[in-house]
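This report covers a ligand site, a pocket, a sheet and some backbone details. Please have the structure open while reading.

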Amino acid sequence: MNVPPIERVLFTEEQVSARIKEVAAEIAGRYQGRELKLIGVLKGSVFFLTALARALELPVKIDFLAISSFGGNSAGMVRIAKDLDEPIQDEDVLLVEDIVDTGLTTRYLLQTLAGRAPRSIAICTMLDRTVRRMVPVPVEFRCFEIPDRFVVGCGLDYKQLYRNLGYIAVMNPDRG
Ligand code: IMP
């Protein structure tokens with residue numbers, strides 16, 4: 001059998017889905033009576049965004065963008081490789097992230113989207129690794145804070161694999 005190279009499960013599928021429901025209720029409370037535009041960042045946030053959208057008792061629209069890094073390292077040099085399909089002017093926007101790590105990607109996206117005159121913009125992330133933060137990012141909603149270990153599952157990949165795991169796990173560095 002092809003066993004994923006994981007060291008330990010951080011959050012089980014049940015824990016993830018229970019927490020997503022709690023966060024969805026928090027978001028619905030905040031945006032009551034309004035329509036929300038969820039913006040997902042391909043590909044990592046797709047699984048979380050879908051689960052969140054289904055748990056949200058609000059009228060939601062969804063759109064996606066894709067980014068690519070340049071400059072040869074992960075120093076936050078990103079550009080938009082696929083832009084949103086629709087404008088976001090005058091909309092309440094929730095940027096949905098799989099993980100906010102150094103914060104560089106999210107800050108870039110936040111600045112870019114804020115320049116398009118949305119009515120409001122906020123960040124919701126499934127995972128938050130604040131110990132590695134290099135720039136401040138205003139995370140309004142988050143499911144879990146995680147330690148400084150590389151994780152996979154629920155959309156997060158290692159070399160494009162393991163996004164489809166229902167749980168979130170720490171990678172085993174020896175078997176990656
Ligand atoms: P940033 O460091 O906050 O700019 O995060 C950049 C991106 O790195 C995230 O959106 C993820 O796609 C990826 N990333 C960061 N940490 C992990 C991890 O533990 N597992 C998988 N991908 C990660």
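## Ligand contacts

The model is predicted. A backbone N or O atom of Val-151 lies 2.7 Å from a nitrogen atom of the ligand. Arg-129 places a polar side-chain atom 2.6 Å from a ligand nitrogen. Thr-105 has a side-chain N or O atom 2.5 Å from an oxygen atom of the ligand. How much of the ligand does the protein bury? Taken alone, the ligand exposes 490 Å², and the protein buries 79% of that.

## The shell around the ligand

Two elements give two or more residues to the shell: strand 5 (92-100) and helix 3 (104-114). The largest share, 3 residues, comes from strand 5.

In total, 13 residues surround the ligand. Asp-101, Thr-102, Thr-105, Arg-129 and Val-151 are the closest. What is the make-up of this shell by class? The shell has 6 nonpolar, 3 polar and 4 charged residues.

## The second largest pocket

Rolling a probe the size of a water molecule over the atoms shows where empty space is left. In this model, the second largest pocket holds about 210 Å³ of space. Its lining has 14 residues. Val-16, Ile-20, Ala-51, Cys-154 and Gly-166 are the closest to its centre.

Which helices each supply at least two residues of this lining? Helix 1 (13-30) and helix 2 (46-55) do. The largest share comes from helix 1, with 5 residues. By class, the lining divides into 9 nonpolar, 3 polar and 2 charged residues.

An open sheet is formed by 3 strands in the order 1-9-8. The pairing is antiparallel. Why is one side of strand 1 (6-11) and of strand 8 (151-152) left without a neighbour in the sheet? Both strands stand at the edges and each has a single partner strand, so one side of each has no neighbour there.

Strand 1 and strand 9 (residues 168-171) run antiparallel and are joined by 4 bridges. In this pairing, Ile-6 stands opposite Met-171 of strand 9.

Val-151 links two parts of this report. Val-151 belongs to strand 8 (151-152), and a backbone N or O atom of Val-151 lies 2.7 Å from a ligand nitrogen.

## Backbone details

Most residues other than glycine have a negative phi, and most peptide bonds are trans. Two places in the model deserve a look against that background.

The peptide bond that joins Leu-42 and Lys-43 is cis, with omega about -5°. Lys-43 lies in the loop between strand 2 (36-42) and helix 2. Helix 2 is also one of the elements that line the second largest pocket.

Where is Asp-90 placed? Asp-90 is in the loop between strand 4 (78-82) and strand 5. Its phi is near 65°, a positive value in a residue other than glycine. Strand 5, at one end of that loop, gives 3 residues to the shell around the ligand.

Note on methods: Residues are numbered from 1 along each chain as its sequence is written. This is a predicted model: local features need pLDDT of at least 70, side-chain atom pairs count only at pLDDT 80 or more; totals for chains, interfaces and linings use all residues. Side-chain values use heavy atoms; hydrogens and water are left out. A residue is near a molecule or strand if one of its heavy atoms lies within 4 Å of it. A polar contact is a pair of N or O atoms within 3.5 Å; within protein, one must be able to donate a hydrogen and the other to accept it, and residues adjacent in sequence count only if both atoms are side-chain atoms. Accessible areas come from the Shrake-Rupley method with a 1.4 Å probe; for residues, only the protein chains shown count as cover. Ala, Val, Leu, Ile, Met, Phe, Trp, Tyr, Cys and Pro count as nonpolar, Asp, Glu, Lys and Arg as charged, and the others, Gly among them, as polar. On a 1 Å grid over the protein atoms alone, a cavity is a set of points where a 1.4 Å probe fits but cannot get out, and a pocket is an open set with protein on both sides within 12 Å along at least five of seven lines; lining residues have an atom within 4 Å of a point. Grid points are joined across faces, edges and corners, and a volume is the space filled by probe spheres set on the points. Two strands pair if DSSP finds at least two bridges between them.
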